[in-house]
Amino acid sequence: MTGQKVMVIGAGPVGALAALYAANRGDNVEVYDLRTDLRDPSTTPLNFTKSINLALSERGINSMRHARCEGLLDAVLSETIPMHGRMIHGQAPNGGLYEESQPYDAQGRFIRAVDRAGLNKRLLDHLEQMPNVTFYFNHKLTGADFNRSVAWFEQRKQARADHAQNPTEDTAMKAEPERPKEISVEFDFLIGADGAHSASRYHMMKFARLAYQQEYIDTLWCEFHIEPRAADGSFAISPNHLHIWPGGSFMFIAIPSLDKSFTCTLFAPESYFASLSTATSDDLVSSFSRNFPGVCPELISPTSLKRQFAENPHLPLISIKCTPYHYKSNVVILGDAAHAMVPFYGQGMNAGLEDVRVLFDILDAHDVYNDSPKLATSLKERRGGALNAYTLQRAPDAAAINDLALRNYEEMCSGVNSPIYRMRKWLEETVNVFLPGLGWRTQYTRVSFENQPYSEVEKAVARQGRVIIAAIGLGVFGISSLTALGLLRRGGFDH
């Protein structure tokens, strides 16, 4: 064991899991976060309005499975809800409402709805039990020298409780009565897992020649809630599906919660939000009735719909790509700090947790945790080589899932109702079931139920697509040829 001092910036799920991996390898770990303890119910996560439900799939589960933390995975999975497929909601031409279940996987595998705050709490609780882990909440990273391995923090007496991108007037204007105390802290290795608006990445950019791309897509999101049935407290709709109301250029989704409510999200172009914000509140109800049949008043009352739309912030969606993810042997960024993505594949958190597993697999492979005196290179040299290998391996994968997530928005908004989408899904699943030796799986199966690198998924699915197009082409050619042959035999061509 190296006993190196590892500083983790960000106490969210990715940072907490990275701290667990490091601590279980004997490192002395310090976890810093600018918020108060995330287990405190009064703490509002900077990237979300309230406690939001996420989709947990194989990549995230596998990463916790390899955390060397007994009982962690069982504790997390015990507080999840299986979702076996999408439930597509719509309205038939005769005006009747319908639901259509679309299973995720031909083999019956499923993803899980998980409460982000609950998952975070489990990870932090396990960390707190470890003697070589120390928490520093209300500490804001204000600077870092990655050549001298020193970081500076402001010690804040009160944490910011508003949303980072939508500050309230009171908290935006109110300053602390006195300037926060600044401290300097030395480290051996810094892991930045502090989200899309990462201070770690910002300060690393002053040292690394980092290529950076940021895009805000023309879509905002707003959170809603569907309460349990008033009569008996049960789920208002099926708890074992991710519910989608596709609307062409926008959509409404609902994910189940353990308290039998649903966390819902409206995704729509900025112009849609702008038009509703300036319209009457009754226009909002009419828009929902027209575009998301069965939501209001069946699941959310008009009064509640108006209140939630007015009170909950309308927030942007950001997509970030950058490379490299490290500088020398001293710092690496993970999760949204390295590759923030839109949420339409449910892979943001899963990819971040997988970052942790991949990083430490590579650190292990480069003997970073081998303290044998017979090794020819120093610990810093081995760690530097490992971080370089991590960037080379992970950056293409992160870029691939980032692109896949962007493309999946179109599928969720309209593709789920497309005959072409349904035909391809049926064909790929049929081949997977009856000819498993061919290795055919749908893109969703490869992404959500396997650990195949994302960049390889993209290539494999593209190959399958070319085969399908070729097969359809041959089929059309064959039918045309047979038809032409039959006409020739009967002398059926006119001259």
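Two strands count as paired if DSSP finds at least two bridges between them, and strands (E, at least two residues) and helices (H or I, at least four) are DSSP runs numbered from the N terminus. In this predicted model, six strands form an open sheet in the order S8-S2-S1-S12-S19-S18, and their pairing is mixed. Strand S8 (133-137) and strand S18 (326-327) are its edge strands, each pairing on one side only.

Within the sheet, strand S1 (residues 5-9) and strand S2 (residues 28-33) run parallel and are joined by five bridges. Val8 stands opposite Val31 in S2. Strands of a sheet pair through backbone hydrogen bonds, either parallel or antiparallel.

Arg59 belongs to helix H2 (residues 58-65). With a relative accessible area of 0%, Arg59 is buried (under 20%; exposed is over 50% and partly exposed in between, with a 1.4 Å probe and protein chains only). Leaving aside residues up to four places away in sequence, Arg59 touches Gln347, Asn350, Glu354, Arg446, Val447, Glu450, Asn451, Gln452, Tyr454 and Val457, where contact means heavy atoms within 4.5 Å. A polar atom of the Arg59 side chain lies 2.8 Å from the backbone oxygen of Val447.

Confidence is given as pLDDT, the predictor's score for each residue from 0 to 100. The protein chain averages 88, and 83% of the residues score at least 70. Over residues 167-173 the pLDDT is below 50, and this stretch has five contacts in the model beyond near neighbours in sequence.

Residues are numbered from 1 along each chain as its sequence is written, and side-chain values use heavy atoms, with hydrogens and water left out. Local features need pLDDT of at least 70 and side-chain atom pairs count only at pLDDT 80 or more, while totals for chains, interfaces and linings use all residues.

Terms used. A polar contact is a pair of N or O atoms within 3.5 Å; within protein, one must be able to donate a hydrogen and the other to accept it, and residues adjacent in sequence count only if both atoms are side-chain atoms.
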